[in-house]
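Q: Could you walk me through this one, starting with a helix and then moving on to how the parts touch?

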Amino acid sequence: MSKVLNFVSKNFLTVIIILLALVPLASFSDYEFYVIARGLQNSIIAVSLVILLGYTGQLSLGHAGLLAVGAYTYGILTATYGVNPWLAFIIAPAVTALTGAILGIPSFKLKGPFLVVTTIALGEIVRKLILNLEWLTRGPYGLMGIKPLFKDSIMMYYFTLLIVWFICVATERLSVSKIGLALKAIKVDEIAAEVLGVDVKKYKLMAFTISSTLAGISGAIFASLTGYLNPDSFTFADSATFLLMTVLGGMTSVPGAVVGALSVTALPEILRFLERIRMVIYSLVLLIIIRFSKQLGNFKISDIFKGKKKEAV
Amino acid sequence: MALLETVGLCKRFGGLTAVDNLDMQVCHDQICGLIGPNGSGKTTVLNVITGIYKNDGGKVIFDGKDISNLSPHEICELGIARTFQNIRLLGNQTVYDNVRLGLHIRTKADLLNIIFNSSKVKNENRDIQKTIEEALEIVGLSNVKNEIARNLPYGKQKLLEIARAIVAQPKLLLLDEPAAGLNTKETNELMDIVKNIKDKGISILLIEHQMDFVSGLTDRVYVINYGKKIAEGTFDEIQRDPVVAEAYLGRKGVK
Amino acid sequence: MLTTVVQLLFQGVNMGLIYALAGIGISLIWNASSLFNFSQGDLLTLGGYAMLTLFAMMELSYPVALIGTIVIMGCTGYILSKFYFYPMFSEGLDQQVILIGTVSLSVLIRNSILLSWGADPHTFANPFGKTPINLFGVNVMPHYFWNIIIVAALIGVLQLFLRGTLIGTAMRAVAQRPYAATLMGIKIEHMISLTFLLSTSLAAISGILIAPILPLTPEMGGLVNTKAFAAVLIGGLGSFAGALVGGIIIGIAEVFFATLITASYKDVFIFLMLIVFLMFKPGGIFEAKISEKV
């Protein structure tokens with residue numbers, strides 16, 4: 001038994017992916033299946049925040065705005081201009097990356113609350129623009145007729161899972177690489193990092209760009225899954241929810257972010273009868289996790305399966 | 001030609017002149033000491049040299065190049081490394097990874113290599129491992145390679161900072177009070193380590209308060225007070241200089 | 001034409017003062033604990049709803065409801081500090097993480113309000129009446145005038161308290177030099193909790209003052225938040241004068257932009273103003289920069 005647990009802890013990510021791959025074979029209803037797919041799509045954003053916040057220490061409360069850019073770019077291209085969905089799927093993250101890079105520039109000079117407020121501001125600007133540029137986005141009436149990447153929901157699911165898997169493996173490789181180490185140095189001590197040869201501006205920009213690209217991918221998949229977009233899906237509360245997913249998973253853990261995203265997405269469905277107090281529960285959970293985050297420390301969900309000491313992040 | 005030269009270097013903070021018209025040279029294969037009472041501006045000099053502060057006058061020339069306007073990471077790339085007076089390590093990372101950060105400028109793997117785990121990355125990691133282990137060997141930390149940095153005792157953390165600084169083979173190493181807080185045994189071990197580093201071809205500029213340490217290691221010493229150079233020479237020469245005694249002990253204290 | 005300008009100015013200054021009060025609340029906590037309170041606007045809203053309950057629903061008299069609201073909100077601040085935030089400070093938790101804590105608090109308050117009072121807007125009668133008074137030859141609603149007087153008096157009293165009383169001085173001591181303050185026998189935890197109490201009490205008063213101008217909705221916290229943040233960042237985080245100046249700038253800019261150009265993009269305009277400003281003067285107008293010792 002302990003051999004199994006040991007294997008699970010060492011290969012936590014792989015185990016999760018395998019479990020997720022088996023989902024379509026189980027007898028979930030169409031709606032439950034959709035929820036899990038959405039959870040997968042959300043995990044891409046959660047991982048993007050692992051890179052930006054967990055590794056680099058830059059707190060963004062505007063990621064709903066980036067998700068919106070990705071989603072609406074994909075949506076407008078396929079619905080209004082009849083662009084091939086696959087082409088749109090490539091363009092959407094590129095546009096989002098550009099938007100995110102712009103977000104990176106204030107981070108050169110601004111730290112802490114100054115930066116966070118700037119990200120909130122940018123997220124709100126995006127939402128207001130979407131709301132008011134009705135000729136482009138149909139504003140509050142919503143954008144309809146978005147062409148999906150795959151008509152078959154199972155194919156779409158496996159495609160999303162493949163993307164998630166690729167992103168997770170790439171991010172874990174990033175974490176142990178020189179780039180990952182540079183980002184973590186920036187989080188702890190920018191001046192020391194700079195003196196040690198890290199071009200802090202370049203790497204901050206890189207972190208924002210990578211994070212935004214992932215948000216753009218997540219957005220395109222979101223649009224493809226739902227077929228319909230509405231500015232109400234991209235509010236400040238959503239940005240806070242994405243943060244919850246990442247923090248729930250341990251802020252620096254990639255598989256943790258995936259599990260966090262799946263849990264947070266599925267929770268309202270499991271607690272259907274608690275719909276009215278869903279957000280109250282979310283925020284209470286987050287408040288408690290924050291309060292005890294030192295005790296949780298570098299606790300990764302995979303640690304449950306170990307009997308050993310915690311390792312470094 | 002000196003390896004490092006400051007010419008008329010000035011640094012002001014508002015009304016306070018921290019570094020005042022400082023001329024100093026560090027030559028190749030030399031250990032230079034920079035001493036002076038507390039608050040005399042020693043660390044500020046290091047901060048200006050490494051580009052953390054912008055100088056308000058004069059210039060810094062390294063290996064024939066004017067580096068006065070370069071950013072810290074550019075200066076690091078040219079071959080200057082340093083340790084900090086109050087240790088600045090990545091507390092949550094391992095000893096190994098802390099040293100690995102020092103190799104940042106020498107590693108070449110880019111984002112795509114990393115994502116696809118190319119053979120370039122794998123080969124480079126092997127070389128990195130060798131280099132890091134050598135650096136840990138020099139400072140005597142090989143046996144704690146995988147320990148978390150903040151769990152190390154103070155003296156070992158200081159050695160870790162040194163390992164991090166030398167791993168990329170800088171031309172010049174700036175040490176800011178490396179012996180502070182060390183006991184006699186640790187200080188003697190540190191002296192051997194610093195001599196070892198010099199023998200490997202790295203020139204050193206050393207800030208220290210412990211005079212035995214300075215006398216045992218340095219080829220040349222600069223003494224500053226209130227940001228101004230008040231004496232220079234070998235340790236014996238400046239030790240006998242009444243101006244230096246006055247700076248440390250006050251006028252009445254000079255016999 | 002002049003009539004319109006004067007009325008707009010009164011509106012702008014009024015809203016600006018509310019933002020400024022919220023900004024002062026944020027600066028108080030920032031000075032004491034280096035924490036940026038993202039829930040200040042929601043605490044303000046909560047104050048408004050508390051007043052609504054005591055005054056309009058439980059039909060207590062205005063002064064009693066007023067004092068009751070301030071006491072409730074003050075206690076809320078004290079409890080938040082003593083049992084939630086201060087323990088995190090003393091554990092040495094990462095700044096960003098505690099920031100996320102205030103964000104979650106904001107979301108919690110907003111959704112609790114939604115749950116308890118519903119999404120429909122609420123108002124309650126304001127004590128200044130509905131008869132316009134004549135100022136500078138222009139008809140202005142009385143609360144616009146009285147709000148300015150009250151806020152000015154409030155800020156004056158606050159300054160007197162912080163500089164003139166022993167407790168106020170102790171609070172400032174903790175904000176500037178916590179370690180030295182402990183050596184003087186001042187209990188940091190107590191002072192920080194008092195600062196929170198002060199901040200939430202200010203929030204309560206702001207919430208009560210804003211009610212005649214804006215209807216109370218759960219989302220109001222978010223609207224106030226963003227403008228208050230902009231006010232305090234433009235004016236200089238930690239500076240009361242800065243919060244005041246920043247608040248008035250934002251208040252007037254918002255009103256004039258909405259009326260003369262377009263209302264739907266007024267938030268975008270404020271935000272862009274903030275971002276551009278921060279790019280050129282990151283510390284704000286009255287910046288109080290403490291440089292890091294290397």
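A: Helices here are DSSP runs of H or I with at least four residues (strands are E runs of at least two), numbered from the N terminus, and the expected span of a helix is 1.5 Å times one less than its number of residues. This is a predicted model, in which local features need pLDDT of at least 70 and side-chain atom pairs count only at pLDDT 80 or more, while totals for chains, interfaces and linings use all residues. Residues are numbered from 1 along each chain as its sequence is written, and chains are lettered from A and ligands numbered from 1 in the order in which they are written.

Q: What span should α12 of chain A have, and how far apart are its end C-alpha atoms?
A: Helix α12 of chain A (residues 200–226) has 27 residues, so at 1.5 Å a residue it should span 39 Å, and its end C-alpha atoms are 39 Å apart, which agrees.

Q: Is α12(A) mostly covered or mostly exposed?
A: Mostly covered, since 21 of the 27 residues of α12(A) are buried, where buried requires 20 or more other C-beta atoms, placed from the backbone, within 10 Å of a residue's own.

Q: And what comes just after α12(A)?
A: Gly227(A) follows, with a positive phi of about 75 degrees.

Q: Switching topic, how many residues of chain B are in contact with chain A?
A: In chain B, 26 residues are in contact with 22 residues of chain A, contact meaning that C-beta atoms placed from the backbone lie within 7 Å.

Q: Which elements of chain B give two or more residues to that side?
A: They are α2 (72–78), α3 (95–102) and α4 (111–115) of chain B.

Key. Two residues are in contact if their C-beta atoms, placed from the backbone, lie within 7 Å. A residue is buried if 20 or more other C-beta atoms lie within 10 Å of its own, exposed if 12 or fewer, and partly exposed in between; C-beta atoms are placed from the backbone.
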